[in-house]
Amino acid sequence: MRGIAGAPVSFGVFELTSDGPLAEPDEVLSALRDAGYDGVDLGPVGWMGEGEALRQRLRRHGLALAGGWVDLPFSDDDAFAAALPALDAALEVFVDGVVVDPARPPLPTLADSGSEVRRAHPGGREDGLGLGEEGWDRFARNVDTAAARVRAAGLEPTFHHHVCTYVETPEEIDALLAHTDVDLTLDTGHLLLGGGDPVAGLERWGSRVNHIHLKDARLSVLDQIVRDGAGSRAVWERRVFVPLGQGDFDLDGFMSALIASRYSGWLVVEQDVIATPNDPPANAAADQQANRAALRTWLP
């Protein structure tokens, strides 16, 4: 295993919050270092800096860059073409971070941008939400284009299945892997929301899994969101994602299976939150300390 990383999203720093006040990078990286993590996800491109500023920040905190989120509208050819410069800009930042720990390079984490229809139906449970044969051909062609750009930058791509996108359910993950040669970020929390089982998913896709996002989720909260017709943002606002051991994720079963599988990639611990003014500032750091402590049985 390359190491255990934390993530800015656990401190409320991610694409849904990047237009508001964010936690300071050094505050987040210090908390992760002190909790015992040895890597960090990128967060919004530019949030941790670029070039030498990024490298100095990572070195100062003793953290490697593990990966980072890049969502693209794979189902829409015109929108995808327009988004490619943003991918190229993100790849420059990933390359900036490689030299800090070249033995453990980051994986640019590709994901679908979804659609208004998918964002209105978390869990992907209703009929008629999928792409169809022609849609999958277009989607796969664009994934291949993005993956080629990642590889041309000297990096290894990975694809993140995600709630409220066209790769959400186990069947859609199967379709992605059948249509492309890009390997998978197995996200335990998002797989639960998409109707899958993380232990079964690791067994089913293990040979194609090159990145892990470890997170817990409460399915009862998702069920209520679906009943309310509340849409995607409610997934984060209502705190579907919780500290390890407080949701429906079988941490013991998954970690035992992961260790037995001889998985060799990064393990990124995440607890996606949208912070509010009522959240005590120290809560996020304490949660990430608890999450790291929960893994010490397997990864001391």
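Q: A polar contact is a pair of N or O atoms within 3.5 Å; within protein, one atom must be able to donate a hydrogen and the other to accept it, and residues adjacent in sequence count only if both atoms are side-chain atoms. What makes the link between the side chains of His190 and His162 a polar contact?
A: The two side chains come together at 3.4 Å, and the limit is 3.5 Å, so the pair qualifies. The model is predicted: local features need pLDDT of at least 70 and side-chain atom pairs count only at pLDDT 80 or more, whereas totals for chains, interfaces and linings use all residues. Residues are numbered from 1 along each chain as its sequence is written, and side-chain values use heavy atoms, with hydrogens and water left out.

Q: Why is His190 called buried?
A: Its relative accessible area is 1%. Buried means under 20%, exposed over 50% and partly exposed in between, with a 1.4 Å probe and protein chains only, so at 1% His190 is buried.

Q: Where does His190 sit, and in which element?
A: His190 belongs to helix α7, residues 188-193. Helices (H or I, at least four residues) and strands (E, at least two) are DSSP runs, numbered from the N terminus.

Q: Which residues is His190 in contact with, leaving aside neighbours within four places in sequence?
A: Contact means heavy atoms within 4.5 Å. His190 meets that limit with His160, His161, His162, Val163, Glu168, Lys215, Trp236, Phe241 and Asp272.

Q: What makes the pair of Phe14 and Trp236 tilted?
A: The structure holds 8 aromatic pairs. In this one the ring centres are 6.2 Å apart and the planes stand at 40°. Rings of Phe, Tyr and Trp (its six-membered ring) pair if their centres lie within 6.5 Å, with planes under 30 degrees apart counted as stacked, over 60 as edge-to-face and the rest as tilted. The pair of Phe14 and Trp236 is therefore tilted.

Q: Where in the chain do Phe14 and Trp236 lie?
A: They link distant parts of the chain, 222 residues apart: Phe14 is in the loop between β1 (3-6) and α1, and Trp236 is in helix α10 (residues 233-237).

Q: How do you know that Phe14 is buried, and what of Trp236: buried or exposed?
A: Phe14 has a relative accessible area of 5%, so it counts as buried. Trp236 has 5% relative accessibility and is buried too.

Q: Which residues do ring pairs link into a cluster?
A: Phe74, Phe80, Trp136, Phe139 and Phe159 are joined in this way.

Q: Why is Leu16 called partly exposed?
A: Leu16 has a relative accessible area of 28%, which puts it in the partly exposed class. Leu16 is in the loop between β1 and α1. Not counting residues up to four places away in sequence, it touches Arg233 and Trp236.

Q: What makes Thr165 buried?
A: Thr165 has a relative accessible area of 4%, so it is buried. Thr165 lies in the loop between β5 and α6. The side chain of Thr165 reaches the backbone oxygen of Val167 at 3.2 Å. Beyond four places in sequence, Thr165 touches Asp112, Gly114, Arg118 and Glu172.

Q: Which residues of helix α6 are buried, and what covers them?
A: In α6 (residues 170-179), Pro170, Glu172, Ile173, Ala175, Leu176 and Leu177 are buried. Their cover includes α4 (116-119), α5 (132-152), β5 (158-160), β6 (184-187), α7 and α8 (198-205).

Q: What is the volume of the largest pocket, and what makes such a space a pocket?
A: The largest pocket has a volume of about 670 Å³. Of its 35 lining residues, Phe11, Gly12, Ala275, Thr276 and Asp279 are the closest to the centre. On a 1 Å grid over the protein atoms alone, a pocket is an open set of points where a 1.4 Å probe fits, with protein on both sides within 12 Å along at least five of seven lines; lining residues have an atom within 4 Å of a point. The volume is the space filled by probe spheres set on the points, which are joined across faces, edges and corners.

Q: Which element gives the most to the lining of the largest pocket?
A: Helix α12 does, with 5 residues.
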